[in-house]
Amino acid sequence: MSRSRGSAAGGIALAAAALLAVAAPTSVSAAPAPLSPGPAPASASADTYYAPAEGKTGTALKAALNDIISEQARLSYSQVWDALGDTDEDPSDPDNVILLYTGRSQAKSEHGGDLGDWNREHVWAKSHGDFGTSTGPGTDLHHLRPTDVRVNSIRGNKDFDNGGSAVSGAPGNYTDGDSFEPRDAVKGDVARMILYMAVRYEGEDGFADLEPNDRVGNGSAPYHGRLGVLKQWHREDPPDSFERNRNEVIYNEYQYNRNPFIDRPEWVEAIW
Ligand SMILES: [Ca+2]
Ligand SMILES: [Ca+2]
Ligand SMILES: [Ca+2]
């Protein structure tokens, strides 16, 4: 059992604990490693982090990873704006972020709700389990990305699958009435974000048990599809330096937890 989850705590106590975690992140028991200089992909620190999960597979692995990654600080939804400026910073322009679906590099300051702005995309659609934008899964940086306002709206709460018509203004993205296909360069990112959410949220802390399935049209059920396609995308688009860097930034500076499927891609097949 994770030390951050007291069984006697009620909703108010949990909310207070969440606020405390944000206000004083150094109190998180899993002390983050200092920010390492330069690009630092999955490293020795990640190996130590996963020690309790080593050698496990299937549901035992999933349970061990849930315990590990549930030790985290939690942000408010308003804190997510600045955090995304760090996690998704354009490596060649520190004033910009890279948008998930379009790949556009855009000023960090141009966020908001107007056409042409970037906003906060919930890759695990927040209606799938109805977690909204209160502190919890709705503010978990591991599945939040900057996206073009219009493309975010087109994606809506659709499940992920191959196929459909080209999305104008977002080359390589496709959509139809029940699904969305992101561009090739972020297909694996999307898959690993969905699978992170499935392991992190197991029906505790008052939030739904999020799980992948092999369907589209899941609507408001706490499921996200399609698993078979996501696994294929995970294989075809392995973690790159941008994705590994954002995992490090979230771990070192914001939440102090990691996405296991970026660090250990083989664990997707070991669980699903
Ligand atoms: Ca479809
Ligand atoms: Ca990628
Ligand atoms: Ca789950």
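Me: Not counting residues up to four places away in sequence, which residues does Gly-113 touch?
Reply: In this predicted model, Gly-113 is found in the loop between strand 3 (105–107) and strand 4. With residues up to four places away left out, Gly-113 touches Asn-119 and Val-149.

Me: Asp-130 and Tyr-256 each have a positive phi; is Tyr-256 buried or exposed?
Reply: Asp-130, in the loop between strand 4 and strand 5, has a phi of about 55° although it is not a glycine. Asp-130 is exposed, with 12 other C-beta atoms within 10 Å. Tyr-256 has a phi of about 65° and is placed in the loop between helix 8 and helix 9 (260–263). With 22 C-beta neighbours inside 10 Å, Tyr-256 counts as buried.

Me: Why do the buried residues of helix 4 line one face of the helix?
Reply: The buried residues of helix 4 (residues 79–87) are Val-80, Leu-84 and Thr-87. An α-helix has 3.6 residues a turn, so residues three or four places apart point the same way. Seen down the axis of helix 4, the buried residues line one face because they fall within an arc of 65°.

Me: Against which elements do the buried residues of helix 4 pack?
Reply: The residues concerned are Val-80, Leu-84 and Thr-87. Their partners are strand 2 (93–98), strand 4 (118–122), strand 5 (144–148) and helix 8 (241–254).

Me: How many charged residues does the contact of helix 4 with helix 8 have?
Reply: Ala-83, Asp-86 and Thr-87 in helix 4 meet Arg-246, Val-249, Ile-250, Glu-253 and Tyr-254 in helix 8. By class, this contact has 4 nonpolar residues and 1 polar residue, and its charged residues number 3.

Me: What is the handedness of the crossing in which helix 6 passes helix 7?
Reply: Helix 6 (residues 184–200) and helix 7 (residues 227–236) pack with their axes 7 Å apart, at an angle of about 125°. The two helices are therefore oblique to each other. The crossing of helix 6 past helix 7 is left-handed.

Me: Within what arc do the buried residues of helix 7 fall?
Reply: In helix 7, the buried residues are Leu-227, Val-229, Leu-230, Trp-233 and His-234. They line one face of the helix, because seen down its axis they fall within an arc of 160°.

Me: Which peptide bond is cis, and what is its omega?
Reply: Arg-226 is placed in the loop between strand 11 (223–224) and helix 7. The peptide bond from Gly-225 to Arg-226 is cis, with omega near -10°.

Technical notes: Residues are numbered from 1 along each chain as its sequence is written. Chains are lettered from A and ligands numbered from 1 in the order in which they are written. This is a predicted model: local features need pLDDT of at least 70, side-chain atom pairs count only at pLDDT 80 or more; totals for chains, interfaces and linings use all residues. A residue is buried if 20 or more other C-beta atoms lie within 10 Å of its own, exposed if 12 or fewer, and partly exposed in between; C-beta atoms are placed from the backbone. Helices (H or I, at least four residues) and strands (E, at least two) are DSSP runs, numbered from the N terminus. The arc is that of the directions from the helix axis to the C-beta atoms. Two residues are in contact if their C-beta atoms, placed from the backbone, lie within 7 Å. Axes are lines fitted to C-alpha atoms, for helices over the stretch in contact, and angles run from 0 to 180 degrees between N-to-C directions. Angles under 35 degrees count as roughly parallel, over 145 as roughly antiparallel, 65 to 115 as roughly perpendicular and the rest as oblique. A crossing is left-handed if the near helix is turned anticlockwise from the far one by less than a right angle, and right-handed if clockwise. Ala, Val, Leu, Ile, Met, Phe, Trp, Tyr, Cys and Pro count as nonpolar, Asp, Glu, Lys and Arg as charged, and the others, Gly among them, as polar.
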